[in-house]
Amino acid sequence: MMATMDQQALAVRPTPRQLAWQRLEFIAFTHFGINTFTDREWGDGQEDPALFQPTAFDADQWAEACRDAGMKMLILTAKHHDGFCLWPTKQTDHSVRSSPWRQGQGDVVAEVSAACARAGLKFGIYCSPWDRHEKSYGDSPAYNEFFRAQLCELLNNYGQIGEVWFDGACAEGPNGKRQEYDWRSYYELVRRLQPEAAIAICGPDVRWVGNESGLAREDEWSVVPASATDQAEVAANFLDFDALGADIGSRDKLEQAERLIWYPAECDVSIRPGWFYHAAEDLQVKSVAHLLDIYHRSVGRNSLLLLNVPPDPRGLLHEHDVARLRELRAALDAMYGTDLTRVPDNDLNAAWDAEGDQAVLTVDLGGDRTFDRLLLQEDIEQGQRVESFVLEAWHGGHWKPVVRGGCIGYKRLERFGRVTARRVRLRVEQTRGPVRLLNLGLFCQP
Ligand code: FUL
């Protein structure tokens, strides 16, 4: 029985699209739109487009700040729930075309996409299906067509799209009827026009981690149960997916499952209390310590960190946010700049194998070294295997446990009190198959 579960779990692998997405590790969200000018989080769709008037819009400033922070993609809110479009869509007048910004000739999506390309960032889009402005909303077939036409514009005209972020918010339209989104047709469109784009949250490639605090579970599995029969079906049933469950991928969960899929988690969080910019929150930009904690509990827990940095009404990232991003990068570089295991004859960057369920890897650090951070990476092209491990240090003639952990996946980071030792070993206590590690690193924060 156990063996069957292990074999099934081992057979589940990421698609090339999911693999490329996972390797981005740390990406940016930019909530920008009419709410930036009304000081709100959710617009009602009645806003005058004339309010949209950034005074010093500079997408290069956004992209460069994100690149310098080590982020690899930027996702822009091309349309939020209020329905105001940041590109000159042909489907409605409720867009930058009706604003005084650049005499109605501006296109935020085009400028951000170009700035991302210049900065070497991938570009992603958030296009809210919930649209509180559009009259056809609630007339399900008509609105689905409207929404697909908007998606077509975004997917056809702005270069390569790395991620399409679908929020699930849904309501009644002016006709008093609840809009039924035709998810399957949206996915078909994305696949056809941007085959490499990961479809996230309400989508088949990437799941929501289940909170907006940027925190993954202690053990965040990418192999999870699915009840439906194909990937598109699973996605169409994403509302049934237990995104909020405390445990969604343990051995117990998998043993009850009919079918397993690769469905990795993304952690979204804002650098400020709100998703949109509010001057009143200028002094509430998260501290470096808080952001580091989030980083360890997202990137360091087999997830992607999607950190929102909202541009202000000038059309710039605020100085405080830019400074904080820079400080975060400096702190991460200082912490993870020097891998103490990178000594001659110990090149652990190369994949290594260990057989059995008590795989042990012993590392000689070449001399006494002090460390307080452990980095582990599995070769997830081979699936996710390790269920629990312990790091031990040779001390006073014994192996003493330093830190224990559960699953690893793409990346696991562990923080612990400083330890000084010359020899350490990683003991994998439980695994679903032969261990395939890509990386083991030891670090010391300054
Ligand atoms: C939510 C939205 O309602 C928020 O305004 C924000 O865009 C967040 C990322 O997703 O569901």
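**Stop 1**

Begin with α4 and α5, where α4 passes α5 in a right-handed crossing (right-handed if the near helix is turned clockwise from the far one by less than a right angle, left-handed if anticlockwise). Before you click on, note that this is a predicted model, in which local features need pLDDT of at least 70, side-chain atom pairs count only at pLDDT 80 or more, and totals for chains, interfaces and linings use all residues. Residues are numbered from 1 along each chain as its sequence is written, and side-chain values use heavy atoms, with hydrogens and water left out.

Select residues 59-68 for α4 and 108-119 for α5: their axes come within 8 Å and cross at roughly 40 degrees. Helices (H or I, at least four residues) and strands (E, at least two) are DSSP runs, numbered from the N terminus. The axes are lines fitted to C-alpha atoms, for helices over the stretch in contact, with angles from 0 to 180 degrees between N-to-C directions. α4 and α5 are therefore oblique to each other (under 35 degrees is roughly parallel, over 145 roughly antiparallel, 65 to 115 roughly perpendicular, and the rest oblique).

Now show side chains. On the α4 side, the contact (heavy atoms within 4.5 Å) is made by Ala 59, Asp 60, Trp 62, Ala 63 and Arg 67, and on the α5 side by Glu 111, Val 112, Ala 115, Cys 116, Arg 118 and Ala 119. Sorted by class, that contact has seven nonpolar, no polar and four charged residues. Here Ala, Val, Leu, Ile, Met, Phe, Trp, Tyr, Cys and Pro count as nonpolar, Asp, Glu, Lys and Arg as charged, and the others, Gly among them, as polar.

**Stop 2: a pair of rings**

Next, pick Phe 52 and Phe 84, a tilted aromatic pair with 5.3 Å centre to centre and 40 degrees between the planes. Rings of Phe, Tyr and Trp (its six-membered ring) pair if their centres lie within 6.5 Å; planes under 30 degrees apart are stacked, over 60 edge-to-face, and the rest tilted. Phe 52 sits in the loop between α3 and α4 and Phe 84 in the loop between β2 and α5, so the pair ties together parts that are 32 residues apart in sequence. Phe 52 is buried at 0% relative accessible area (buried is under 20%, exposed over 50%, partly exposed in between, with a 1.4 Å probe and protein chains only). Phe 84 is buried too, at 2%.

**Stop 3: a lysine inside**

Which strand holds Lys 79? Look in β2. Lys 79 is buried, with a relative accessible area of 0%. Not counting residues up to four places away in sequence, Lys 79 touches a list of residues including Phe 84, Asp 131, Tyr 143, Phe 146 and Phe 147. Tyr 143, Phe 146 and Phe 147 are also among the members of a cluster linked by ring pairs, which includes Tyr 137.

**Stop 4: out to a proline**

Jump to Pro 174, in the loop between β4 and α7. Is Pro 174 buried or exposed? At 62% relative accessibility, Pro 174 counts as exposed. Leaving aside neighbours within four places in sequence, Pro 174 is in contact with Glu 134, Lys 135 and Tyr 137.

**Stop 5**

Finish at His 318, in the loop between β10 and α11. His 318 counts as buried at 10% relative accessibility. Beyond its neighbours within four places in sequence, His 318 is in contact with Arg 272, Tyr 277, Asp 282 and Asp 312.
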